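User: I have a model open and want to talk through it. Can you take my questions as they come?

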Amino acid sequence: MAALSFLDREHTVAKPGYSRWLIPPAALAIHLCIGQAYATSVYKNALVAHFDTSLTAIGIIFSIAIVMLGVSAAVMGTWVERVGPRAAMFTAACFWASGFLIGALGIATGQLWLVYLGYGFVGGIGLGIGYISPVSTLIKWFPDRPGLATGMAIMGFGGGALVASPLSRQLMSLYDPNYDAATGRASGGAVAALFLTLGIVYFLVMMLGVFNVKVPAPGWRPAGFDPAKLRAKPMITRANVSAANALRTPQFWLLWTVLFCNVTAGIGILEQASPMIQDFFREGGTSTVAATAATAFVGLLSIFNMAGRFAWSSTSDFIGRKPTYVMYLGVGIVLYVLLAVAGNSSTAVFVLLAAVIISFYGGGFSTVPAYLRDLFGTYQVGAIHGRLLTAWSAAGIAGPLIINGFLDARGEPGELVAADYRPALFTMVGVLAVGFVANLLIRPVAERFHETEGHTDAFAEAGKR
Amino acid sequence: MGQTPAPTGQTARLVISWLVVGIPLIYALYQTIRSILPLFGG
């Protein structure tokens with residue numbers, strides 16, 4: 001279609017002088033919108049009451065969306081590389097906004113399956129494509145600082161939930177005068193209107209990303225950047241590996257294990273954060289930490305999750321990707337042990353330890369695209385990243401299973417104490433140790449997996465010279 | 001490479017683009033910090 005030809009990759013090659021600093025806000029525009037996926041708890045209770053169903057039935061909406069994120073990122077990665085970032089971002093915006101609109105229709109007509117189909121299935125596809133769409137473009141624009149670039153974008157995913165939570169509360173109170181912020185109860189009509197509003201607003205914001213994103217011309221380099229300096233580092237390759245070949249390398253699966261272990265450990269704490277801080281400071285059946293303070297603790301962790309994505313990923317440009325993961329996993333082991341044995345000594349100690357752990361969790365997400373670039377080159381780094389995100393989906397199941405499995409065996413919610421968390425926390429120490437060893441085993445990719453001259457794209461070919 | 005003069009209107013585009021993503025982030029940080037004050041007795 002001629003009207004949509006502006007989406008083609010060849011129409012998105014930047015003219016000389018185009019500022020690369022327009023690319024991070026383009027990526028942020030996408031990630032800030034899709035990050036809403038982590039703010040679904042705001043209207044969860046309202047949907048339970050509206051559909052007269054269980055929390056589990058409503059939780060399935062989120063589960064479908066996250067499964068579709070992993071599946072679409074893995075399956076569509078090569079397509080995203082082929083069509084370019086603008087077409088991918090536009091597609092993501094259409095799916096993500098349509099998910100909200102179909103979901104709104106489902107809520108308005110009382111059809112829960114439509115919400116599963118809309119927000120869960122259709123929106124989930126938008127999540128996956130949107131998540132990986134700007135990554136390889138950012139890496140190409142910032143060959144000198146790939147960690148900084150991907151950190152900025154993926155920070156947006158963490159920030160998206162921070163934006164959506166208060167915004168959704170304010171919109172629901174606008175649409176329903178009887179909205180109760182304490183219980184999260186709003187009328188079905190108010191949640192439908194919220195979905196409609198978010199669908200339209202997110203589509204418009206994502207269009208900012210669509211119109212600003214451009215790919216650099218083959219051979220483009222930032223002023224003052226000397227690729228020879230990068231080539232001198234043994235863990236940074238100048239070769240390129242295709243997505244299909246990457247799956248055949250031990251490096252891909254070692255990095256998959258590293259991401260899986262880092263996310264499993266972090267998700268265990270994130271998922272349990274609010275009851276955990278209350279349980280750690282329970283004396284004689286009563287917690288000294290109030291419910292409001294526990295909710296505030298979750299907010300604090302969200303800030304550290306977001307900040308870690310930017311700060312640690314940027315730091316990795318200076319200290320290297322492998323040492324950065326040595327820190328996430330090695331220091332993480334020490335912090336988990338300290339949390340298990342001394343976390344209940346004071347709330348300040350507990351909060352500090354948990355905050356740093358969660359910053360490492362966030363950093364693990366945002367540093368991994370740059371690690372992939374170092375190992376596999378720029379050619380199909382977005383597609384390889386998409387496949388690696390299956391580790392996230394797997395960790396999303398394993399993390400909560402480990403922590404909930406141990407806690408269920410120790411007692412009832414509301415009666416647990418710090419000692420009940422120790423088996424789960426020491427298990428996470430073991431998980432982190434596996435990731436630590438996997439990271440140490442990562443070496444440069446063997447030459448037989450490298451693409452030969454003329455078998456990659458123009459940008460990757462120019463980068464070799 | 002990378003030292004060609006910037007296209008006209010690029011500064012305005014840069015400012016607007018960063019504002020569109022920066023304002024919601026600042027709003028989110030403000031709201032979250034306000035909500036975590038009880039944790040520190042605020």
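User: Which residues of helix α2 of chain A are buried?
Analyst: In this predicted model, the buried residues of α2 (41–51) are A:Val42, A:Tyr43, A:Ala46, A:Leu47 and A:His50. Buried means 20 or more other C-beta atoms within 10 Å of the residue's own, with C-beta atoms placed from the backbone. Helices are DSSP runs of H or I, at least four residues, numbered from the N terminus.

User: Why do they line one face of the helix?
Analyst: Seen down the axis of α2(A), they fall within an arc of 105°, so they line one face. The arc is taken over directions from the helix axis to the C-beta atoms.

User: What do they pack against?
Analyst: α3 (55–83), α4 (85–108), α7 and α8 of chain A. Contact means C-beta atoms, placed from the backbone, within 7 Å.

User: And what comes just after α2(A)?
Analyst: A:Asp52, with a positive phi of about 50°.

User: New topic. How many residues of chain A are in contact with chain B?
Analyst: 30, and they meet 25 residues of chain B.

User: Which element of chain A gives the most?
Analyst: α12(A), with eight residues.

User: What scores does the model have?
Analyst: ipTM is 0.87 and pTM is 0.88.

User: What about numbering and cut-offs?
Analyst: Residues are numbered from 1 along each chain as its sequence is written, chains are lettered from A and ligands numbered from 1 in the order written. Local features need pLDDT of at least 70 and side-chain atom pairs count only at 80 or more, while totals for chains, interfaces and linings use all residues.

Notes. Contact = placed C-beta atoms within 7 Å. Helix = DSSP H or I, 4+ residues; strand = E, 2+ residues; numbered from the N terminus. Buried ≥ 20, exposed ≤ 12 C-beta atoms within 10 Å, placed from the backbone.
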